[in-house]
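Subject: Structure handover

Hello,

Here is the structure we talked about.

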Amino acid sequence: MSETPQEPEQPDAKQPAPEPSDTQPSDAEQAAESTDERTAESADAEQAAPAEPEGPKSLTFRITPVALLGVLAVIICATPLATTAGTWALLIYLIPLGLAVWILRTRTTFDAQQVVARTMFGRTKFGWDDVVSLRLNEKRWLKAVLRSGKEVQLPAVRVRDLPRVAAISGGRLPDPTTQE
């Protein structure tokens, strides 16, 4: 069943326009009332709106998906060997598959309560209260030093990301850009 849209009814040209009565407000009065209503609504909206814009609820740092182009290049380069060396050589495709899984799975997520570091084979979750400090790794990656003395690698988090991590920590970590 299909319904055709109906056109709105239009007044006949033969009918006279309704005359203004004394009980209906004039156009000027209606315009003044609507302006007053809009002013009151905008004042209420300004009071309800927060003074400062809220930041993000969480931050996720991950390996850039553009790295998958490198995986594609490895697949293209491995194809001649994999197709001519026999069926065992098809196992060479496991290398780019492993790289793709590593790129897509590895990430670190920060929110106001906790930190989740996800690696290729597992994940580590801990609260901000457990973090004693952050340590710079020899490869310029960051590690979280926990109260227990354990160091947890924070995948995809670099030194340049410290101001954003400090902001999401809610003051638990100092912002290195404001300190001198």
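First, a term. A nonpolar core is a set of buried Ala, Val, Leu, Ile, Met, Phe, Trp, Tyr and Cys residues joined through side-chain atoms within 4.5 Å. Buried means under 20% relative accessible area, exposed means over 50%, and partly exposed lies in between, using a 1.4 Å probe and protein chains only.

Some ground rules. This is a predicted model, in which local features need pLDDT of at least 70 and side-chain atom pairs count only at pLDDT 80 or more, while totals for chains, interfaces and linings use all residues. Residues are numbered from 1 along each chain as its sequence is written, and side-chain values use heavy atoms, with hydrogens and water left out.

**Overall**

The protein has 4 helices and 7 strands. These are DSSP runs numbered from the N terminus: helices are H or I with at least four residues, strands are E with at least two. The order along the sequence is α-β-α-α-β-β-β-β-β-β-α. Of the 180 residues, 22% are buried. The protein exposes about 14000 Å², and carbon and sulfur atoms supply 56% of that. Areas come from the Shrake-Rupley method with a 1.4 Å probe; for residues, only the protein chains shown count as cover. Contact means heavy atoms within 4.5 Å. Among contacts between residues at least 6 apart in sequence, 41% join residues at least 24 apart.

**The core**

In soluble globular proteins, nonpolar side chains tend to be buried together. Here the largest nonpolar core has 23 residues. Those with the most contacts inside it are Phe-61, Phe-110, Phe-126, Trp-128, Leu-154, Val-157 and Val-165. Strand 1, helix 3, strand 3 (114-118), strand 6 (141-146), strand 7 (151-158) and helix 4 (162-168) each give two or more residues to this core. Strand 7 supplies the largest share, 4 residues.

Take Phe-110. Beyond its neighbours within four places in sequence, Phe-110 is in contact with residues including Phe-61, Trp-128, Leu-154, Val-157 and Val-165.

Gln-114 lies in strand 3. Gln-114 counts as partly exposed because its relative accessibility is 25%. Gln-114 and Phe-126 are 12 residues apart in sequence, yet their C-alpha atoms are 5.6 Å apart. Setting aside neighbours within four places, the contacts of Gln-114 are Thr-109, Lys-125, Phe-126, Gly-127 and Trp-128.

Ala-156 is in strand 7. Most residues other than glycine have a negative phi. Ala-156 has a positive phi of about 70°. With a relative accessible area of 12%, Ala-156 is buried.

How many salt bridges does a search of the whole structure find? There are 4. A salt bridge is a side-chain nitrogen of Lys or Arg within 4 Å of a carboxyl oxygen of Asp or Glu. Glu-151 pairs with Arg-135 at 2.7 Å, N to O. This pair links distant parts of the chain: Glu-151 is in strand 7, Arg-135 is in strand 5 (residues 131-136), and they are 16 residues apart. Glu-151 also bridges to Lys-143, at 3.9 Å, N to O. Glu-151 is partly exposed at 36%, and so is Arg-135 at 31%. Lys-143 is buried at 19%.

Asp-161 forms a salt bridge with Arg-164, the closest N and O atoms being 2.8 Å apart. Asp-161 is buried at 5%, whereas Arg-164 is partly exposed at 44%. Shared partners join Arg-135, Lys-143 and Glu-151 into one network.

Thr-106 sits in the loop between helix 3 (94-105) and strand 2 (107-111). At 4% relative accessibility, Thr-106 is buried. The Thr-106 side chain reaches the backbone oxygen of Trp-102 at 2.8 Å. Away from its neighbours within four places in sequence, Thr-106 is in contact with Arg-62, Ile-63, Arg-118, Thr-119, Met-120 and Pro-155.

Ser-169 is in the segment after helix 4. Ser-169 is buried, at 0%. The Ser-169 side chain reaches the backbone oxygen of Ala-166 at 2.8 Å. A polar contact is a pair of N or O atoms within 3.5 Å; within protein, one must be able to donate a hydrogen and the other to accept it, and residues adjacent in sequence count only if both atoms are side-chain atoms.

Best wishes
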